[in-house]
Amino acid sequence: MKRTVAFSRDAVNVFFHILTACNLRCRHCYINPEQHGRNRLPSEVIGTWLSAFSEKAESANVIFLGGEPTLHPELPTVVRKARSLGYQSVTIDTNGYLFHDILDRVTPNEVDFFSFSLDGATRKTNDGIRGEGVYDVCTSGIRRARQRGFNVSLIYTVSAANIHELERMAPLLEDLGIDRFFIQVIGIRGKSAASPDGVLQVSRETWLSVVPAVAERVAERGITVTYPKVFLAPDDPFECAGLCAENYFIFPNGRVYRCPICEDFPYHSLVFENDRLTPMPRLNEADFFQLRIPEGCVMNRLVQPDNLAYDADGRPLYQVACCMLKEEIRKG
Ligand code: SF4
Ligand code: SF4
């Protein structure tokens, strides 16, 4: 069954970058220490910041991110803090290195998902993007997590360097015992913007001809697949998640964004000041969310105009969706 995941104010998603340090140097990494900070947040501070959303904790999901969040030695403590605050789900995103024996220090009752990143069905492609030896470390980490009884999801960031292997992921996902498969699209951000080896972003035609079909085939194997809609069909309504959903992207320097595309700029609408979640003065991302343009997403128009195309009269040929709008396919 395929459905567009509607935006909702009933659920809160807290994407919590607890540090920005990482052992890898992936080609498309979006972490930007100039904008996001270089510090590692102490567990007490993480707990206090998590409490800022605890009013809605029963409907809140927290995703711990980095950098590489397992580099944080107190990750098990903050997982338990999220649980004690009543968060409905806890996910740890990881590059697969699983530092500090994290699998021994948390349980499947405490962590709903370990979410691994793999960007190729083969060593050659994945390691060309994520670094030498990463494929083997990541796949063995996935198998160990499965053996310990954890639910495991996998994130594949599609780019011109790996879209040719997306199809080959289906049998690998089944073999690895993956429960959920998240296909992401590379944005012209971070290192991908300045890639010395050419454009990593795929065209609209390539995306539409490959991704939905592969997603269907993966779902046929009983794996739930989620991928960004990216381009709206003519009848699809445009909605900005900044106005009609509750997503918070927290960075260790205290910045809190509502829109991931804004994260490379000081446009955050909120900030933790003395551990209190405080609105930023205008102008900020929230002012952009109000703007209506025929191209759809304002931030895509500003930051990624190459995603757009126009007819001879200057009218956009299609609207670009909010980057948070997802399609989900479940079997049955
Ligand atoms: S694992 Fe994640 S944080 Fe680390 S370099 Fe790769 S993309 Fe960046
Ligand atoms: S990606 Fe565009 S539509 Fe989505 S929250 Fe950001 S500005 Fe709004």
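1. In this note Ala, Val, Leu, Ile, Met, Phe, Trp, Tyr, Cys and Pro count as nonpolar, Asp, Glu, Lys and Arg as charged, and the others, Gly among them, as polar. On that basis the shell around ligand 2 holds 12 nonpolar residues, 2 polar ones and no charged ones.

2. This is a predicted model, in which local features need pLDDT of at least 70 and side-chain atom pairs count only at pLDDT 80 or more, while totals for chains, interfaces and linings use all residues. Residues are numbered from 1 along each chain as its sequence is written, and chains are lettered from A and ligands numbered from 1 in the order in which they are written.

3. Of the 14 residues around ligand 2 (C-beta atom, placed from the backbone, within 6 Å of it), Cys-240, Cys-259, Cys-297, Met-299 and Cys-322 come nearest. Helix 12 (298–303) is one of the helices that supply at least two residues of this shell, and helix 12 gives the most, with 3 residues.

4. The chain has 12 helices and 15 strands, taken as DSSP runs numbered from the N terminus (helices H or I, at least four residues; strands E, at least two).

5. Of the 332 residues of the chain, 42% count as buried, that is, with 20 or more other C-beta atoms, placed from the backbone, within 10 Å of their own.

6. Ala-215 touches Ile-183, Val-225, Tyr-227 and Ile-329, leaving aside residues up to four places away in sequence; such a contact requires C-beta atoms, placed from the backbone, within 7 Å. Among contacts in the chain between residues at least 6 apart in sequence, 73% join residues at least 24 apart.

Methods
Contact = placed C-beta atoms within 7 Å. Buried ≥ 20, exposed ≤ 12 C-beta atoms within 10 Å, placed from the backbone.
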